[in-house]
Each structure stands twice: as C-alpha cells, then as structure tokens.
Amino acid sequence: MSHETEERLSTALQDIVGDRPYAPDLDQIETRGRKLRNRRVAWRATAGTGFVAAVAAVAVATAGVGTQAPAHNLAVPSSAATGGATDANAPLVQLAGYLTTAAQPQGDATLLLRDQVYTNGLKVDVWDLHADNGDYYFSKTRGGLPAQVKGDHKQADEAGRKNVVAAAKQAADGDLDQARKLMALAYLPANPKVKPTLDPPGAKPAVDDKVLEKLKVLAQNGIHEDVSDLSNWTDNWVWNDSMDALTVGGGSPTVRAGVLRLLGQMPEVKVTKGTLDGQAVLTLAAGSLATGDGTQSLIVNADTGLPIKYVANGVTVNYTATRVTLADVANGQF
Amino acid sequence: MHRTAYLLCGDWYLADDLVQEALAKAYSHWRKVQRADSPSAYVRRILINESRRSWRRNRNLTVHPDADVTDITVADLSDEVVNRAELLQALQSLPARQRATVVLRFLEGLSERETAAALGCSEGTVKSQTSRALIKLKSVLNQGDH
C-alpha cells in the first residue's frame with residue numbers, strides 16, 4: 001500500500017471530522033461515574049454474600065440436616081428491622097392510594113428542570129424532556145429543547161430507563177414483591193454472570209466473617225466507604241432506581257404512586273410531614289442501609305407526589321416538572 | 001476523543017454519548033487510570049470498547065453516516081477529490097477492529113506500536129488489519145484519480 005494512499009486517507013479523515021466543537025458535560029460524567037462505581041462495589045459485595053450463601057446451602061444439603069429457610073418475600077419488611085413502615089409512613093400510603101385513582105394528566109411529555117446546587121457553590125441547570133413513550137431529549141437550556149425535538153435528537157435508549165418506569169407502574173397496583181424485584185434489577189443485564197441476591201426491605205444482609213474481612217480491606221483502600229454499616233443492596237438499588245423513575249416517569253401519577261409504595265415499604269426510609277415555600281410536603285429520609293453512604297432525602301409535594309428536592313452526596317437537586325406536548329416544544333410554544 | 005468516537009460510530013450524537021460514557025467509566029476507574037502506564041491510552045481503550053458495545057446494542061438500527069456530512073464532494077489539500085460520505089460509509093462497513101485500527105493510525109496518527117497497545121493486540125495484527133482495511137477503502141480514496 002502506497003504512502004500516498006495513507007496520506008490521502010489521513011487528510012480525508014481529518015477533513016471529515018473537521019473542527020466540530022464539543023464540550024463534555026462534566027456534571028453528568030461525575031454523576032454517572034459515581035453511579036457506576038457504587039454499582040460495581042455493590043456487585044462485589046453481592047457476589048461475595050451470594051457465594052457464602054451458596055456454600056452454606058451446599059453444606060446443608062450435603063449434611064442432610066437442617067430445615068430449609070423459607071423463601072424471602074421481597075415485599076414484606078424484615079421482622080428484625082426496627083421501626084415499622086406502617087404507622088410512620090401512613091401519609092405516604094395515603095398519597096400513593098390517592099395517586100392510583102388520579103386522572104392521567106394532559107400532554108404527552110414531562111418537562112423537567114433540574115436545578116443542581118453543589119456544596120462548593122456550583123450551580124448547574126439542565127432540562128429534561130421525557131416523552132410518555134419513553135423517548136428522552138436533553139438540553140442545557142430551555143431554549144435548546146425545540147431543536148432537539150425537531151431534529152429528533154433523542155438521548156441514547158437505555159433499557160434501564162424504561163425498566164424503572166415499568167417497575168413503578170407495576171408497584172402502583174400490581175404485585176409489590178415482583179415490582180421490587182424489577183426495580184432492583186432494572187439496570188442489570190438480563191443474564192448477569194453473577195446472580196444477585198435479593199433481600200427483603202430493611203433486612204441487614206448476613207455476611208460471613210471472611211467477606212467482612214475483604215470489605216474491610218476494600219475500605220482501607222478507599223474503595224468501600226463504610227464497612228461497619230453494610231447496606232441492604234436491594235434497598236439501595238430500589239432507592240436509587242426509584243429516584244430515576246421519579247425523574248423519567250414522574251409526570252404520571254401511576255409512576256409516582258408506585259415509587260411511593262416501594263419506598264414506603266423500606267423501614268429505613270422515614271417520612272415526615274412539613275411545609276416548603278408554603279406548600280405541604282413529605283420528606284422521605286433514607287438512612288445508609290438504603291443509600292450506602294449517609295442520609296439522603298427526597299421531598300415530594302404532599303398532594304401530588306411530584307418531586308421537589310433531592311439531597312444527596314454533596315448536591316441538592318431542585319425539580320420543577322410541567323406537562324407539555326412534544327409538538328408544542330418542537331414549535332417553541334411551551 | 002470526540003472525533004475518534006465519530007469515526008468509530010458514524011454519528012455525532014452517538015459520539016457525544018460514547019465520549020460521555022467513556023469518561024464516566026474512566027472516572028469510576030480513576031485509580032486504574034492513574035496507575036496506567038499511559039492514562040490516555042487507557043481511556044482511549046475504554047472508548048473503543050464502549051463503541052463496540054454500542055454497536056452490538058444498536059446493530060438493528062440504521063445509521064445514516066452521511067447525515068451530517070454536508071459537503072459531499074470536496075477537494076482535499078492535494079487537490080484530489082475524495083467523496084466524504086462514501087468514505088465514511090466505507091469506514092462504517094469495516095469490521096470493528098479494522099475500523100478502530102484505521103481511525104487510530106490515520107486520524108490520531110498513532111504508531112503501529114501505540115495502536116497495538118490501544119487495541120490490546122500485536123503489532124503484526126495492526127499491520128494486517130491496516131492492510132486489509134486500506135484495500136477496502138482504496139477504491140473510494142482513489143476515485144478522483146480516474
């Protein structure tokens with residue numbers, strides 16, 4: 001092959017790509033990066049506990065003694081968990097019940113302003129447009145959305161996004177046990193190499209001493225944050241994925257009802273009534289058993305269940321959701 | 001990275017996503033990136049792996065690589081004519097590894113050794129992949145000569 005051809009190819013490729021400007025979205029990269037890292041750590045712990053459980057099961061089977069443990073009912077809070085979900089979470093149950101009967105709103109998409117304020121003072125506003133059919137458009141400015149819709153510039157189709165909405169819908173009026181499972185596994189591959197172990201809400205995972213030792217080593221290396229307060233990874237997945245469901249499908253009262261039902265069954269999620277800027281709100285505070293890293297809180301409107309504020313890991317996200325039609329957005333009339 | 005991603009996938013918007021995802025993965029593996037002999041090569045490899053995954057996920061979708069290539073035929077610096085859209089299409093029709101080899105060698109200007117390191121293969125493989133790719137691309141590259 002001649003050197004001339006290689007040079008011509010090089011010039012042509014440079015010509016094709018040109019000087020198109022590009023600026024990576026650093027906030028999204030950081031958020032996604034943290035999520036990936038947390039998920040990986042969760043997988044390690046799950047794989048470890050799963051392995052121990054498998055060894056224990058084999059030991060029982062080969063010894064031929066002992067009684068078989070009943071299958072976990074994912075929807076039933078652990079009896080070992082302190083503090084019931086029933087009384088304290090009554091407002092949540094009541095609101096979820098109301099939302100399941102609420103009429104579906106007008107429009108075919110939900111416009112969401114995410115006003116993100118970081119503890120270092122950085123403020124980042126972004127605009128999401130989630131269509132009811134699952135399509136997702138994104139822009140850093142409100143004025144940028146019409147071009148995204150007109151140009152059909154949908155964000156990459158992420159199966160997990162649709163899965164979290166489907167799980168929430170099932171939780172609203174279907175089998176809560178199955179919905180919890182769907183929500184927990186929404187972002188995992190269909191045929192994972194390591195089958196995840198699912199725990200009931202609020203259950204402290206039983207971890208073998210050897211696994212605990214490994215986790216301590218991870219903590220010493222800065223990979224795992226807090227060994228002494230090991231999380232219930234199923235609750236952690238449900239909590240995180242529910243936050244996604246609220247942003248992706250929060251325009252639907254059914255989705256909001258499902259999310260509230262799922263969160264309401266976790267004993268470590270405490271609900272308090274209050275007011276914020278003159279509106280009645282419910283604050284859902286999740287402990288580290290569910291978050292894996294300190295307390296996080298979600299504030300929703302007490303009458304509609306719409307998300308208002310989410311506080312976690314050094315960032316506060318304020319939400320403003322409105323219903324629109326894709327056609328109106330494309331025409332700049334929204 | 002963005003330009004490389006575009007030539008790997010043939011779509012600017014997919015390229016945006018690829019770079020975002022690659023950088024997010026680099027962030028999540030930051031300790032490994034820092035410890036790598038060449039952090040940039042490590043991140044480049046993440047990008048290439050991500051583009052393969054993306055291709056597998058979207059293999060049923062039809063990508064129109066010429067959608068953003070407005071000037072279909074232009075004179076290049078040597079005053080010879082190369083059809084951009086056809087070249088981009090020909091590039092997309094190459095097997096993933098050949099495409100990555102071409103992009104790394106002729107867009108990023110990596111040496112055969114650097115390309116081999118980025119792709120996790122031998123220098124011999126880079127040579128053979130380059131040669132096969134150039135044979136397929138030659139007809140598009142040289143059409144202005146006739």
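In chain A, strands β7(A) and β8(A) form a hairpin with two residues between them, and Asn313(A) in the turn has a positive phi of about 45 degrees. This is a predicted model, in which local features need pLDDT of at least 70, side-chain atom pairs count only at pLDDT 80 or more, and totals for chains, interfaces and linings use all residues. Residues are numbered from 1 along each chain as its sequence is written, while chains are lettered from A and ligands numbered from 1 in the order in which they are written.

**Strands β6 to β8 of chain A**
- Four bridges join β7(A) (residues 307-312) to β6(A) (residues 296-301), and the two run antiparallel; strands pair if DSSP finds at least two bridges between them.
- β7(A) is also joined by four bridges to β8(A) (residues 315-324), again antiparallel.
- Lys309(A) stands opposite Ile299(A), and its bridge partner in β8(A) is Asn318(A).
- The hairpin of β6(A) and β7(A) has five residues between the strands, where Gly305(A) takes a positive phi near 75 degrees.

**Chain A overall**
- Chain A has eleven helices and eight strands, which are DSSP runs (helices H or I, at least four residues; strands E, at least two) numbered from the N terminus.

**Confidence**
- The predictor gives the complex an ipTM of 0.76 and a pTM of 0.53.
- Chain B averages a pLDDT of 75, on a scale of the predictor's confidence in each residue from 0 to 100.
- Among the elements of chain B, helix α6 (residues 96-107) has the highest mean pLDDT (89) and strand β1 (residues 73-75) the lowest (38).
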